[in-house]
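Thanks, everyone, for making time this morning.

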Amino acid sequence: MIGSLLIANRGEIACRIIRTARALGVRTIAVFSDADAEALHVREADEAVHIGPSPARESYLVGARIIAAAQDTGVEAIHPGYGFLSENADFAQSVIDAGLVWVGPRPASIRAMGLKDAAKKLMQEAGVPTTPGYLGDDQTPERLHREADAIGYPVLIKAVAGGGGKGMRRVDASEDFADALASCRREAASSFGDDRVLIEKYILSPRHIEVQVFGDSHGNVVHLFERDCSLQRRHQKVIEEAPAPGMDAATRQAVCAAAVKAAQAVDYVGAGTIEFIADASEGLRADRIWFMEMNTRLQVEHPVTEAITGQDLVEWQLRVASGEPLPRRQDELSITGWAMEARLYAEDPVKGFLPSIGRLDALDLGDAVRVDTGVEQGAEISPFYDPMIAKLIAHGETRDEARELLADALDEAVIWPVRTNAGFLVEALDHPDFAAGNVDTGLIAREGDALMPSALPSEEALIEAAAALSPDLPMAGFRLNAPARREGRFLLAGEPISIDFTDAPDVEVPEPLDSVLITEGGQTWELAPFRATGATGGAAADGAILSPMPGRIIAVEVATGAAVVKGQKLVTLEAMKMEHSLVAPFDGTVAELNAETGGQVTEGTLLVKVERQEG
């Protein structure tokens, strides 16, 4: 067994790897950037090495620094986690060339599956079914447009080197293709350094089914059954589960056998995931499930597979990397119960899922379900990295039991003042279609506002919280020959609010409270006594387009003096690995422009001022 391990990652996955390594007696070394100097993974590891400034491209993505840290600390192996350099074949080869053990697949396998067009051709040759599409070398816009027209709309443009939902655009009509292609290529070049694309037929009732595979250096390959990751928002997975609802034994056998065949075609070693797209218009059928891509690493959602199989996949990775055979044969693996995982993000659904950054003054996720996290109360959510706070994983005997356990855990989560998607996740888990297992990748887009959590707590919750704060507050409403009306002015998340709590029961508090946190439906609000200085500032002047968060300007679509129409894209901002388009609020003229491509901006910066068109 490997005796020491450097983890070339951060946050939740670094903490996850440390947990298993410690149980196996493996010494761990963490790496960290400036922003992560006080991070949980740094403190949990046996040793930690600083590798550079906060931006990932200057630290976690600099392979030479990571290898140098491994050599300086004398470790035997490097585990890449997921994201960052985990699917970089050149980095994997550099690790091996440095005399270190790479905890992952062979570089040749990463290369074979890293380019989507080449991977699909390889799968076709191996007899694995693939979706209709164009994988050609001719990348001219004209040829790509002709191929899309021939396939028939809707189509999906996908970056050849893409992953994690990046570099993907759905196109519904021929006249929209050119703009979508340009946007996809820009994002692909920025994220992967490669703007080549492929085109696939877009399935109108798609299910995202993936199979966990594992290979060893002795030629053995097994599957650990399937996961369903169909509940997605903008191609990003939201809730994952295992097994897949509606999957019968025969279809499972066919899909899992195809996944093993795909892994064997590239002589696969280690943990990998074969992703399929299914046309679920007539239920899950083997002849309507096609290979989509392979992720040559551990997946974010691997805990649901661990829950239903009782296996530790990180332990499997370390044993396989040490040269051992797979811990289990195929006939020794089985499914027990049902598991669901939700990704808890620092983002505000009520404000269009804008990332939320800052200090976690309150963080309590309970202990009813498994929680994988890389932060704790008092930690900072940084603008430099993916805004995941934690993964919550529930396991039950049935799908409904797992779903209800997960919804209850999210419902009771206390997180403040950072905003999260917990309330949105509760609404999604409770949605009738999802509860019934009738889910496809378009469910969230179709339901829209129906999945949005309430912007305010219930009247009952407000009254109870107001009563708890009332002993030191001046009350309004004295009435002659009648009980006084108990009413007070408060600040709810910084905004003034009046609450009548005449009928509230008396609440005993051991000492005066400065504020009360209200938790309901996964949402958390702070209620505090009203103070004139506590009200938030006014909104920007009419027509002023402000940066909603810190980020980098990646596109400026207008010039000073230009005429614009309502909804027209003005500026594109990149923050927390996502693009955010800022648009004109009404018809008018660009009176002021303070944005330039490549520039870094802070939250609240005035980027564009639009003067309303008269008449």
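This is a predicted model: local features need pLDDT of at least 70, side-chain atom pairs count only at pLDDT 80 or more; totals for chains, interfaces and linings use all residues.

Residues are numbered from 1 along each chain as its sequence is written, and side-chain values use heavy atoms, with hydrogens and water left out.

Let me begin with the helices; here helices (H or I, at least four residues) and strands (E, at least two) are DSSP runs, numbered from the N terminus. Helix H1, residues 11-23, packs on helix H11, residues 313-321, at an angle of about 65°, and their axes are 9 Å apart. The axes are lines fitted to C-alpha atoms, for helices over the stretch in contact, with angles running from 0 to 180 degrees between N-to-C directions. That angle makes H1 roughly perpendicular to H11, given that angles under 35 degrees count as roughly parallel, over 145 as roughly antiparallel, 65 to 115 as roughly perpendicular and the rest as oblique. The crossing of H1 past H11 is right-handed, a term used when the near helix is turned clockwise from the far one by less than a right angle, anticlockwise being left-handed. On the H1 side, Arg-16, Ile-17, Thr-20 and Ala-21 meet Leu-313, Val-314, Glu-315 and Leu-318 of H11, where contact means heavy atoms within 4.5 Å. The residues of this contact divide into five nonpolar, one polar and two charged; Ala, Val, Leu, Ile, Met, Phe, Trp, Tyr, Cys and Pro count as nonpolar, Asp, Glu, Lys and Arg as charged, and the others, Gly among them, as polar.

Pro-141, Leu-144, His-145 and Ala-148 of H7 make the contact with Phe-177, Leu-181 and Arg-185 of H8, which by class gives five nonpolar, one polar and one charged residues.

Turning to the backbone, most residues other than glycine have a negative phi, and most peptide bonds are trans. Arg-234, in the loop between strand S11 (221-233) and S12, has a positive phi, near 55°.

On a 1 Å grid over the protein atoms alone, a cavity is a set of points where a 1.4 Å probe fits but cannot get out, and a pocket is an open set with protein on both sides within 12 Å along at least five of seven lines; lining residues have an atom within 4 Å of a point. Grid points are joined across faces, edges and corners, and a volume is the space filled by probe spheres set on the points.

The second largest pocket has a volume of about 840 Å³. Its lining has 30 residues, with Asp-348, Lys-351, Ser-356, Pro-417 and Arg-419 nearest its centre, and by class 18 are nonpolar, six polar and six charged.

The count of cavities of 30 Å³ or more comes to two. The largest cavity, of about 40 Å³, is lined by Ile-415, Val-418, Arg-419, Thr-420, Gly-522, Gln-523 and Thr-524.
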